[in-house]
Amino acid sequence: MNSIRKIIVLFLALLLCNALHSYAESYGDYQGAIYLQNYDGDTIRFDLPKYPPIAGDDIRVRVNGIDTPEIKGNCEKEIYNAQQTQQMVADILKDAEQIVLMNMEKGKYFEVAADVIVDGKNLAGMLLDRFPAGLDFFFMLVRHGSVYLR
């Protein structure tokens with residue numbers, strides 16, 4: 001009976017730790033991000049002027065929900081697609097009146113991962129709208145749901 005009680009206590013402790021860990025991963029939203037540049041279609045650098053410089057200057061953000069072609073791709077076609085996507089994202093962000101980073105969290109490469117909202121529109125959604133499924137020159141993985149669009 002004593003061992004069952006220990007297992008239950010251990011289980012509840014692990015459950016509580018998991019709940020606290022999940023809560024700690026969410027960093028909220030940030031309004032007023034300033035676009036600096038983007039490496040590709042889903043990695044963007046911003047200044048966050050409301051934060052101290054050590055935490056808010058030149059912050060790398062990965063866009064939640066998409067995975068665009070890589071600049072250092074495996075073939076010429078992927079590199080070309082990455083350059084096209086990079087330019088499109090730059091054009092969208094350089095003319096933005098307001099950029100909001102929503103649902104900020106620590107990404108898998110220790111950068112910030114966030115939904116990037118540009119003048120009220122989700123950047124990932126804007127890219128999906130511009131490149132509907134079936135177009136050969138662009139591909140992306142929608143992370144939430146693991147839907148492949150080609």
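I looked up the crossing of H3 and H4 and found it right-handed (the near helix is turned clockwise from the far one by less than a right angle). The model is predicted, with pLDDT of at least 70 needed for local features and 80 or more for side-chain atom pairs, while totals for chains, interfaces and linings use all residues. Numbering runs from 1 along each chain, and side-chain values use heavy atoms, without hydrogens and water.

I noted that H3 (residues 76-94) and H4 (residues 123-130) pack at about 130°, with axes 12 Å apart. Met88, Val89 and Ile92 of H3 meet Leu123, Met126, Leu127 and Arg130 of H4 (heavy atoms within 4.5 Å). I classed this contact as 6 nonpolar, no polar and 1 charged residues.

I then turned to the largest pocket, whose lining includes Tyr39, Arg60 and Lys108. Its lining divides into 3 nonpolar, 1 polar and 7 charged residues.

Technical notes. Axes are lines fitted to C-alpha atoms, for helices over the stretch in contact, and angles run from 0 to 180 degrees between N-to-C directions. Helices (H or I, at least four residues) and strands (E, at least two) are DSSP runs, numbered from the N terminus. Ala, Val, Leu, Ile, Met, Phe, Trp, Tyr, Cys and Pro count as nonpolar, Asp, Glu, Lys and Arg as charged, and the others, Gly among them, as polar. On a 1 Å grid over the protein atoms alone, a cavity is a set of points where a 1.4 Å probe fits but cannot get out, and a pocket is an open set with protein on both sides within 12 Å along at least five of seven lines; lining residues have an atom within 4 Å of a point.
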